[in-house]
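Me: I have a structure open and would like to go through it step by step. Could you help me read it?

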Amino acid sequence: VTVEPLWLDVALTQMENDPLVGVIGFKLLRKDGLIGHAGLCMEGQTLMNIGGLEPGHRCTFLHEVPAVGWALALFRRSAFPNGVDEDYYIGFVGMDDVDSCYDLRKRGYKVLYCGYGSAYHREGATRIHRTKEFHDKVQENLRRFLARWGEE
């Protein structure tokens, strides 16, 4: 993990000063040093990475976003009184983190992106990506997400 000086202080200060902050996600870098994402959002029926492919030194700020990835995140325990819903989505092939963020926002919590902390994220390193089975699971999770949330 590569972090900016005082990255955790910035995030913890946000949590301490605002009880409505439910989760803070951090900058995820690709192995080539470009930003993989600095938060997540839906554009129509497509999940988009905010800040994707920007140079790694960019997006060093703090702001609200629709969703963040769970690869590097700080959670407020009380915002998840029942944990996260692990039964609605198929495996760890996407949309469970976005769904949880949408649920937090619906319940009045904020979802923040903090660019003061970053990690090199080997997306999918624990999954087999290029199989029909993987693709089918991703598509099914997207279908389930859209059935639950529409195109909010």
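This is a predicted model: local features need pLDDT of at least 70, side-chain atom pairs count only at pLDDT 80 or more; totals for chains, interfaces and linings use all residues.

Me: Let's start with helix H2. How many of its residues are buried?
Reply: Helix H2 covers residues 96–106, and eight of its 11 residues are buried. They are Asp 96, Asp 97, Val 98, Asp 99, Ser 100, Cys 101, Tyr 102 and Leu 104.

Me: And what do those buried residues pack against?
Reply: The buried residues of H2 pack against strands S2, S4 (40–43), S5 (46–49) and S8 (110–120), and also against helix H3 (132–149).

Me: Which residue with a positive phi follows H2?
Reply: That is Gly 108, with a phi near 95°.

Me: Are Cys 59 and Cys 101 buried or exposed?
Reply: Cys 59 is buried, with a relative accessible area of 15%. Cys 101 is buried as well, at 0%.

Me: Where is Cys 59 found?
Reply: Cys 59 is in the loop between S5 and strand S6 (62–64). Its phi is near 60°, a positive value in a residue other than glycine.

Me: What about Leu 6, buried or exposed?
Reply: Leu 6 is exposed, with a relative accessible area of 58%. Leu 6 sits in the loop between strand S1 (2–3) and helix H1 (7–17), and its phi is positive, near 65°.

Me: Now the rings. How many aromatic pairs are there?
Reply: The structure holds eight aromatic pairs. One of them joins Trp 70 and Phe 80 edge-to-face, at 6.4 Å centre to centre and with 75° between the planes. Trp 70 lies in the loop between S6 and strand S7 (73–75) and Phe 80 in the loop between S7 and H2, so this pair ties together parts that are 10 residues apart in sequence. Trp 70 is partly exposed at 23% relative accessibility, whereas Phe 80 is buried at 13%.

Me: And how are the rings of Tyr 102 and Phe 145 arranged?
Reply: Their centres are 5.2 Å apart and their planes stand at 80°, so the pair is edge-to-face. It links helix H2, which holds Tyr 102, with helix H3, which holds Phe 145, across 43 residues. Tyr 102 is buried at 4% relative accessibility, and Phe 145 is buried at 1%.

Me: Which residues form one aromatic cluster?
Reply: Trp 70, Phe 75 and Phe 80 form one cluster.

Me: Last one: what lines the second largest pocket?
Reply: The lining includes Leu 28, Arg 30, Asp 32, His 37, Asn 49 and Glu 123. Strands S2 (21–29) and S3 (35–37) each supply at least two of the lining residues. By class, the lining has two nonpolar, four polar and five charged residues, and the pocket holds about 210 Å³ of space.

Definitions and conventions
Residues are numbered from 1 along each chain as its sequence is written. Side-chain values use heavy atoms; hydrogens and water are left out. On a 1 Å grid over the protein atoms alone, a cavity is a set of points where a 1.4 Å probe fits but cannot get out, and a pocket is an open set with protein on both sides within 12 Å along at least five of seven lines; lining residues have an atom within 4 Å of a point. Grid points are joined across faces, edges and corners, and a volume is the space filled by probe spheres set on the points. Helices (H or I, at least four residues) and strands (E, at least two) are DSSP runs, numbered from the N terminus. Ala, Val, Leu, Ile, Met, Phe, Trp, Tyr, Cys and Pro count as nonpolar, Asp, Glu, Lys and Arg as charged, and the others, Gly among them, as polar. Buried means under 20% relative accessible area, exposed over 50%, partly exposed in between (1.4 Å probe, protein chains only). Contact means heavy atoms within 4.5 Å. Rings of Phe, Tyr and Trp (its six-membered ring) pair if their centres lie within 6.5 Å; planes under 30 degrees apart count as stacked, over 60 as edge-to-face and the rest as tilted.
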